[in-house]
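This briefing goes through the architecture of one chain and its contact with a partner chain. Please keep the structure in view while reading the points below.

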Amino acid sequence: MQITDEIIDYVGILAKLELSDEEKEQAKKDMTNMLDYVGKLNELDTDGVEPMSHTFSVHNVFREDVVVNGDDRENMLANAPEKKDGAYKVPRTFD
Amino acid sequence: MEKAYETVIGLEVHVELATKTKIFCGCSTEFGGAPNTHTCPVCTGMPGSLPVLNKEVVNKAIAVGLATNCTITQNCKFDRKNYFYPDNPQNYQISQLYYPICRNGKVEIEVDGKKKWIGIHEIHMEEDAGKLIHDPYTDSSLVDFNRSGVPLIEIVSEPDMRSAEEVIAYLDKLRMTIQYLGASDCKLNEGSMRADVNLSIREVGAEEFGTRTEMKNLNSFKAIARAIENERERQIDILEAGEKVVQETRRWDDNKEYSYAMRSKEDAQDYRYFPDPDLVPIIISDEWLEDIRAKQPEFRDEKKARYQEEYGLPEYDADILTGTKKLADIFEETIALDANPKKVSNWLMVETMRIVKEKEMDADDITFSATNLAKLIKLTDSQAINSTVAKEVFEKIFDEDIDPDKYVEEKGLKTVNDEGALRTTIEQVIADNPQSVEDYRNGKEKAIGFLVGQTMKAMKGKANPGMVNQILKELL
């Protein structure tokens with residue numbers, strides 16, 4: 001599949017990435033390679049084959065509804081670049 | 001000339017499920033904790049953390065699906081909905097797109113005596129996002145992830161509603177059904193039930209749907225009704241001006257009674273859904289379904305019919321009592337303690353509802369116990385207290401759930417049945433009010449009422465009214 005400049009720009013917007021012209025060219029090449037690789041699957045006739053979401057045959061992995069976690073705020077916030085009043089501080093964001 | 005338009009409405013209703021823990025981790029879902037005190041690596045999207053599904057979420061989603069006549073997807077999965085927003089720490093929300101747990105349901109509503117089925121397209125399970133608080137001091141946003149990962153179901157209706165009245169009847173039906181299931185408290189004002197309204201208009205008789213808008217931030221039935229009227233008018237004005245409705249998300253401002261277009265959560269509405277590789281498929285066996293089906297409670301409509309038939313209550317009373325699960329619960333619990341159903345109904349319909357109205361509260365938030373109401377009814381039945389005192393004691397029960405036996409004893413509120421004491425008081429009242437006594441003797445029957453009142457006052461409301469009347473008549 002041919003990756004166009006438009007596709008690279010669009011993917012950049014979705015991923016919130018700003019790429020230089022050089023990086024864009026490299027990304028175009030990489031993406032084309034990847035898509036060509038998995039594109040091989042398109043040669044197969046998959047009519048009537050259920051789409052597969054997992055490669056292992058495990059199902060129904062559940063947890064009981066019991067509280068096991070306590071207040072670990074200090075540890076949780078240890079990773080925050082900025083914090084205030086027990087909350088993560090981020091750039092002003094509108095709803 | 002103005003054309004006739006029809007409003008077409010579909011709803012997306014989010015309901016927070018009343019589980020103890022979040023959908024994918026063992027953090028508490030309790031409301032109102034200090035910011036980020038109910039969080040862990042899973043619900044804050046830390047790399048390497050893995051979600052494990054809370055089985056109770058599936059149970060509750062199935063129960064709601066069965067109660068709304070849905071087909072349960074016995075082989076269902078979770079998908080990732082990708083978008084960037086600071087309230088969403090994983091940069092994706094775990095939701096269900098391809099195999100939602102429930103499909104093709106319907107609920108019956110009634111507006112102005114007319115019954116109608118509203119279709120349910122699907123119900124899916126997903127996780128709630130965190131909360132952003134604007135900090136004016138630093139002009140930044142503060143993120144609290146306590147709500148992040150709280151289980152939600154989203155109930156998507158078909159575009160089957162045509163008026164605000166139908167929308168409210170539908171929401172009320174969902175709310176009552178889910179409350180009776182104990183799956184959620186469904187409070188619009190606290191956000192445990194949220195409704196987004198999809199609305200379009202078309203000329204009456206047209207086959208095609210018009211372009212729709214989605215309205216968010218509707219926190220009460222009143223706001224929903226006003227927003228629907230407002231949006232209908234706005235779209236009609238646009239069409240009448242020869243312009244086109246733009247498909248967009250709008251936010252309702254209830255103070256200004258006006259909606260405005262929201263900036264979308266990202267520039268491109270492309271969520272790139274794909275199956276979540278961290279969560280394995282859910283296979284719901286026939287046995288599992290039957291188990292939940294067998295545990296379904298008696299719902300409002302059945303309960304209402306039973307109250308009329310079994311207890312001989314008027315339809316209006318049965319409607320009010322079943323209109324709040326809490327009232328229905330107290331009603332049944334009090335009857336189970338051998339209280340007369342009509343008397344229990346009377347206390348709930350008259351005094352309870354009066355206080356609820358006065359305090360402008362929600363009947364769901366009533367806290368008094370059936371035990372104490374049953375005791376109060378016994379006290380009145382045995383004429384240990386008169387009705388005036390009973391009302392006073394009831395207010396105490398309503399506010400503090402006091403034990404009426406103890407309270408009446410301690411405060412000395414028992415009705416005075418002591419004839420000697422009554423006689424002495426009445427003689428004094430007669431001596432003090434010669435005018436009324438004369439009026440009565442001259443044939444003014446009403447004057448006795450004043451004398452009864454004076455006696456009750458002298459006895460601090462505790463006199464047996466029947467005896468007071470009798471003795472008064474005798475002495476006059």
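This is a predicted model: local features need pLDDT of at least 70, side-chain atom pairs count only at pLDDT 80 or more; totals for chains, interfaces and linings use all residues.

Two strands are taken to pair if DSSP finds at least two bridges between them.

**Domains**

- Chain B is divided into domain 1 (5–289), domain 2 (298–411) and domain 3 (419–475), with bounds that come from an automatic or database domain assignment.
- Between the C-alpha centres of domain 1 of chain B and domain 3 of chain B the distance is 65 Å.

**The sheet of chain B**

- Nine strands of chain B, in the order β3-β7-β8-β11-β1-β12-β13-β14-β15, form an open sheet with mixed pairing.
- The edges are held by β3 (71–72) and β15 (258–261) of chain B, each of which has a single partner strand, so one side of each is left without a neighbour in the sheet.
- Strand β8 (residues 114–127) of chain B runs antiparallel to strand β11 (residues 151–157) of chain B, to which seven bridges join it, and within this pair His124(B) stands opposite Glu154(B) of β11(B).
- Helix α1(B) packs on the sheet, where it touches β3, β7 (102–111), β8 and β11 of chain B, and its direction makes about 165° with that of β8(B).
- Helix α3 (residues 221–240) of chain B also packs on the sheet, touching β1 (5–16), β12 (193–203), β13 (213–216), β14 (249–253) and β15 of chain B, with its direction at about 30° to that of β12(B).
- The antiparallel pairing of β1(B) with β12(B) extends over eleven bridges, and Leu11(B) has Val197(B) of β12(B) as its bridge partner.

**Helix pairs of chain B**

- Helix α7 (residues 325–336) and helix α9 (residues 370–381) of chain B pack at an angle of about 55°, with their axes 8 Å apart; α7(B) and α9(B) are therefore oblique to each other, and α7(B) passes α9(B) in a right-handed crossing.
- In that contact, Ile330(B), Glu333(B) and Thr334(B) of α7(B) meet Ala370(B), Leu373(B) and Ala374(B) of α9(B), and these residues divide into four nonpolar, one polar and one charged.
- Helix α10 (residues 387–400) and helix α11 (residues 404–411) of chain B pack at an angle of about 125°, their axes lying 11 Å apart, which makes α10(B) oblique to α11(B); the crossing of α10(B) and α11(B) is right-handed.
- Val393(B), Lys396(B) and Ile397(B) of α10(B) make this contact with Pro404(B), Tyr407(B) and Val408(B) of α11(B), and by class the contact has five nonpolar, no polar and one charged residues.

**Contact with chain A**

- In the interface, 42 residues of chain B are in contact with 33 residues of chain A.
- Two or more residues on the side of chain B that touches chain A come from each of β2 (53–54), α1 (55–67), β9 (131–135), β10 (140–144) and β17 (282–283) of chain B, and the largest share, five residues, comes from β10(B).
- The residues on that side of chain B divide into 19 nonpolar, 13 polar and ten charged.
- Strand β3 (residues 87–91) of chain A pairs with β10(B) in the antiparallel sense over four bridges, and in β10(B) the bridge partner of Val90(A) is Ser141(B).

Note on methods:
Residues are numbered from 1 along each chain as its sequence is written. Chains are lettered from A and ligands numbered from 1 in the order in which they are written. Two residues are in contact if their C-beta atoms, placed from the backbone, lie within 7 Å. Ala, Val, Leu, Ile, Met, Phe, Trp, Tyr, Cys and Pro count as nonpolar, Asp, Glu, Lys and Arg as charged, and the others, Gly among them, as polar. Axes are lines fitted to C-alpha atoms, for helices over the stretch in contact, and angles run from 0 to 180 degrees between N-to-C directions. Angles under 35 degrees count as roughly parallel, over 145 as roughly antiparallel, 65 to 115 as roughly perpendicular and the rest as oblique. A crossing is left-handed if the near helix is turned anticlockwise from the far one by less than a right angle, and right-handed if clockwise.
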